[in-house]
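Take a walk through the model below.

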Amino acid sequence: AVLLLALQVRLVMKGHSFIRENVPRVLSSVKDKSGTVHIPRISQYLYFLFAPTLIYRDSYPRNPTIRWGYVATKFAQVLGSLFYAYYIFVRLCIPQFRNSSQETYNLRGLVLCIFNSILPGVLILFLVFFAFLHCWLNAFAEMLRFADRMFYK
């Protein structure tokens with residue numbers, strides 16, 4: 001459900017950007033009563049839907065070729081991050097909660113469980129950041145030949 005919600009939020013944000021960029025152009029051409037109205041092509045809109053950006057433009061800077069070795073490296077880093085997050089979760093988080101489920105409920109045990117889970121939680125958060133925002137988006141940007149890689153600005 002969270003994944004579907006994130007996908008829908010992304011599509012709504014992209015739709016808003018598309019409408020915000022194109023409606024003023026159409027309205028100004030109608031107001032000027034000029035015969036030509038520049039409407040984006042379907043291919044431009046589809047490229048925008050898959051490009052790792054939330055700002056619509058009619059054209060983006062493009063690389064001349066796709067570096068498939070770079071794409072494979074980024075996807076391997078995503079897989080490595082997932083396996084490392086799984087390892088952290090299994091080795092550091094699950095034993096804490098398994099031990100706490102066998103004891104009677106008390107505030108001291110809950111606080112210790114939370115504090116023992118802070119470091120693994122932060123490590124998993126960094127891994128998710130690295131895997132998605134760095135590796136996943138760069139891999140798709142390379143496959144789409146998207147040259148503007150300023151994801152963090």
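Begin with the domain contacts: 6 residues of domain 1 touch 8 residues of domain 2, where contact means heavy atoms within 4.5 Å. The model is predicted, so local features need pLDDT of at least 70 and side-chain atom pairs count only at pLDDT 80 or more, while totals for chains, interfaces and linings use all residues. Residues are numbered from 1 along each chain as its sequence is written, and side-chain values use heavy atoms, with hydrogens and water left out.

Domain 1 covers 1–59 and domain 2 covers 61–152; these bounds come from an automatic or database domain assignment. Their centres, taken over C-alpha atoms, lie 31 Å apart.

A pocket here is an open set of points on a 1 Å grid over the protein atoms alone, where a 1.4 Å probe fits, with protein on both sides within 12 Å along at least five of seven lines; lining residues have an atom within 4 Å of a point.

The lining holds 28 residues, and Arg10, Lys14, Pro52, Phe132 and Leu137 lie nearest the pocket centre. Three helices, α1 (2–31), α2 (42–50) and α4 (107–143), each supply at least two lining residues. Helices are DSSP runs of H or I, at least four residues long, numbered from the N terminus. The largest share, 7 residues, comes from α1. By class, the lining has 23 nonpolar, 1 polar and 4 charged residues. Ala, Val, Leu, Ile, Met, Phe, Trp, Tyr, Cys and Pro count as nonpolar, Asp, Glu, Lys and Arg as charged, and the others, Gly among them, as polar.

Now the largest nonpolar core. Its 8 residues are Phe18, Tyr47, Phe48, Ala51, Tyr56, Tyr60, Ala141 and Phe146. Such a core joins buried Ala, Val, Leu, Ile, Met, Phe, Trp, Tyr and Cys residues through side-chain atoms within 4.5 Å. Buried means under 20% relative accessible area, exposed over 50%, partly exposed in between (1.4 Å probe, protein chains only). Beyond four places in sequence, Phe48 touches residues including Lys14, Phe18, Tyr56 and Tyr60.

Arg145 sits in the segment after α4. Its phi is near 60°, a positive value in a residue other than glycine. Most residues other than glycine have a negative phi. Arg145 is partly exposed, at 28% relative accessible area.
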